[in-house]
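Trainee: I would like a close look at one part of this model, and then how that part sits within the rest of the chain. Please take the residues one by one and keep it plain.

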Amino acid sequence: MANVVVVGAQWGDEGKGKIVDWLSERADVIARFQGGHNAGHTLVIDGKVYKLSLLPSGIVRGGKLSVIGNGVVLDPWHLVMEIDKLRAQGVEITPENLMVAENASLILPIHGELDRGRESQNSVAKIGTTGRGIGPAYEDKVGRRAIRVADIFDETTLDARIGRLLQHHNALRSGLGLEPVDPVALKAAILDIAPAIKPYAGPVWKVLTEARKAGKRILFEGAQGALLDIDFGTYPFVTSSNTIAGQAATGTGLGPTAIDFVLGIVKAYTTRVGEGPFPAELFDADGERLGERGHEFGTVTGRKRRCGWFDAVLVRQTCATSGVSGIALTKLDVLDGFKTLKICVGYDLDGVRMDYLPTAADQQARCKPIYEELEGWTENTAGARSWADLPGAAIKYVRRIEELIQCPVALLSTSPERDDTILVTDPFSD
């Protein structure tokens, strides 16, 4: 059976939550493979709103197994809080439908404190982090000093892990003017939360391998967007993990041969949160209109998103680095009523035309957009569920995007409601 990876193909906030929920009806297992609780997903099902940031989007659907893979950094306190919140909304969450990788690294309170302490320093450029400890947790993971899920169920192992961790962190905290961490208090906090996590902990890689052998359909869910990838994003204004499709394999324990289709989620315009280059950003009334109509505020942080025209250069680039098979184009209805639309088709870098975003940060900052104009439409596309429901100018806009990014549209989303979706190619078809 086909297995599908869903990735954001811009800077995040493309509408992955709705698409993953829509696809999860066809899947048996939904797996998160990177990121942490800094990535928000908003689902609207039958008028009911669910806000997720750590749990896989498939958790709101019955009869599915949701897993949090080893590529995710896990804040156990947030996980418990999010579970309780969804249960209060009537969502059933048990060890039967949720599993957490026992080799996933933990986000501890000290990670958030370090994150915020660094960002508050005026001597360095701000990255725009959410301050939730994601970056420091990944640093500890690659530094081989992380505390992992399996460690918190054995006190002897936990003591050794805490000692190694604090040897590093207390030195950093001293330089930032923060008080040293009390190892006894940290251990007590970890042991206090451990019983709530233990029922969900298990070998995710093994469960997914068995599911694949049994012919189950697996949906791999990414967080953030490809332009925030630690290697291929707008570095250093990126997240601390690989967000492209290849991470689905290493972030869950399944090999790359398990991936049959990569679906890139793409907004019909462009947004980003936080600092960093954004060649097609708008600072005029059109930009404000996109933000207002698209309700462009972060699910997790509430921060206002920066808005701009669709950037075909960036999306073509991310489709290449993630090996995207087809895109899901979202929020087309936000463009209703614009007399003229623009698409960024290239960059002017000091008089030289570029057909990709250069790697060097100073060059990225100097890139000026080269636009192509298209006719807009006055008709309402919200809620359209077939091509016949779309005005001709909207179809022309979609087709031009396909040409420019060199990738076909597989799904078209016309509202936050899951059923307002036009299916062109079923990613799960064999």
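Mentor: Val-262 is in contact with Val-5, Val-7, Ala-245, Ser-322, Gly-323, Val-324, Ser-325 and Gly-326, leaving aside its neighbours within four places in sequence. The model is a predicted one. Val-262 is found in strand E11, which covers residues 261-267. Its relative accessibility is 6%, under the 20% limit, so Val-262 counts as buried. Leu-108, which is 154 residues from Val-262 in sequence, is 32 Å from Val-262 in space, C-alpha to C-alpha.

Next comes helix H12. This helix runs over residues 392-405, 14 residues in all. From first C-alpha to last, H12 reaches 20 Å, close to the 20 Å expected at 1.5 Å a residue. Its buried residues are Ala-393, Ala-394, Tyr-397, Val-398, Ile-401, Glu-402, Leu-404 and Ile-405. They pack against helix H10 (312-321) and against several strands: E14 (310-311), E15 (326-330), E16 (340-349), E18 (368-375) and E19 (409-413). Just after H12, Gln-406 takes a positive phi of about 60 degrees.

Not counting residues up to four places away in sequence, Tyr-397 touches Ala-268, Phe-310, Leu-332, Leu-335, Leu-341, Ile-343, Leu-374 and Trp-377. In soluble globular proteins, nonpolar side chains tend to be buried together. The largest nonpolar core here has 92 residues, and those with the most contacts inside it are Ile-327, Leu-332 and Tyr-397. H12 gives the most to this core, with 7 residues. A second, separate core has 16 residues, among them Ala-27, Ile-265, Ala-410 and Phe-428.

Now the cysteines. A disulfide is a covalent bond between the sulfur atoms of two cysteines. The structure holds 0 disulfides. For Cys-307, the closest cysteine sulfur is that of Cys-344, and at 16 Å the two are too far apart for a bond. Cys-307 has a relative accessible area of 5% and is therefore buried. Cys-407 is in no disulfide either; the nearest cysteine sulfur, that of Cys-319, is 4.3 Å away, and the cut-off is 2.5 Å. Cys-407 counts as buried because its relative accessibility is 5%.

Elsewhere in the chain, helix H3 covers residues 109-119, and its buried residues are Ile-110, His-111, Gly-112, Leu-114, Asp-115, Gly-117 and Glu-119. What covers them includes strand E8 (105-106), helix H4 (134-142) and helix H5 (155-176). Pro-136 is found in H4. Not counting residues up to four places away in sequence, Pro-136 touches His-111, Leu-114, Asp-115 and Arg-118. At 2% relative accessibility, Pro-136 counts as buried. Pro-136 and Ala-146 are 10 residues apart in sequence, with their C-alpha atoms 9.8 Å apart.

Arg-144 has its place in the loop between H4 and H5. Its relative accessible area is 70%, so Arg-144 is exposed. Between the C-alpha atoms of Arg-144 and Leu-79, which are 65 residues apart along the chain, the separation is 23 Å.

Ser-24 lies in helix H1, residues 16-24. With a relative accessible area of 0%, Ser-24 is buried. Beyond its neighbours within four places in sequence, Ser-24 is in contact with Ile-30, Gly-58, Arg-61, Lys-64 and Leu-219.

Last, the chain as a whole. Its secondary structure comes to 12 helices and 20 strands. The radius of gyration is 22 Å, close to the 22 Å that the globule rule gives for 430 residues, so the chain is as compact as a globular protein of that length. Along the principal axes, the C-alpha atoms fill a box of roughly 65 × 50 × 40 Å. Of the 430 residues, 56% count as buried. Among contacts between residues at least 6 apart in sequence, 76% join residues at least 24 apart. The protein chain exposes about 17,300 Å², and carbon and sulfur atoms supply 51% of that area.

Notes: Residues numbered from 1 in each chain as written. Predicted model: local features only at pLDDT ≥ 70, side-chain atom pairs only at ≥ 80, totals over all residues. Heavy atoms only, no water. Helix = DSSP H or I, 4+ residues; strand = E, 2+ residues; numbered from the N terminus. Expected span 1.5 Å × (residues − 1). Buried < 20%, exposed > 50% of the residue type's maximum accessible area, 1.4 Å probe, protein only. Contact = heavy atoms within 4.5 Å. Core = buried A, V, L, I, M, F, W, Y, C linked by side-chain atoms within 4.5 Å. Rg over C-alpha atoms; globule rule 2.2 N^0.38 Å. Areas by Shrake-Rupley, 256 points an atom, 1.4 Å probe, with all protein chains shown as cover.
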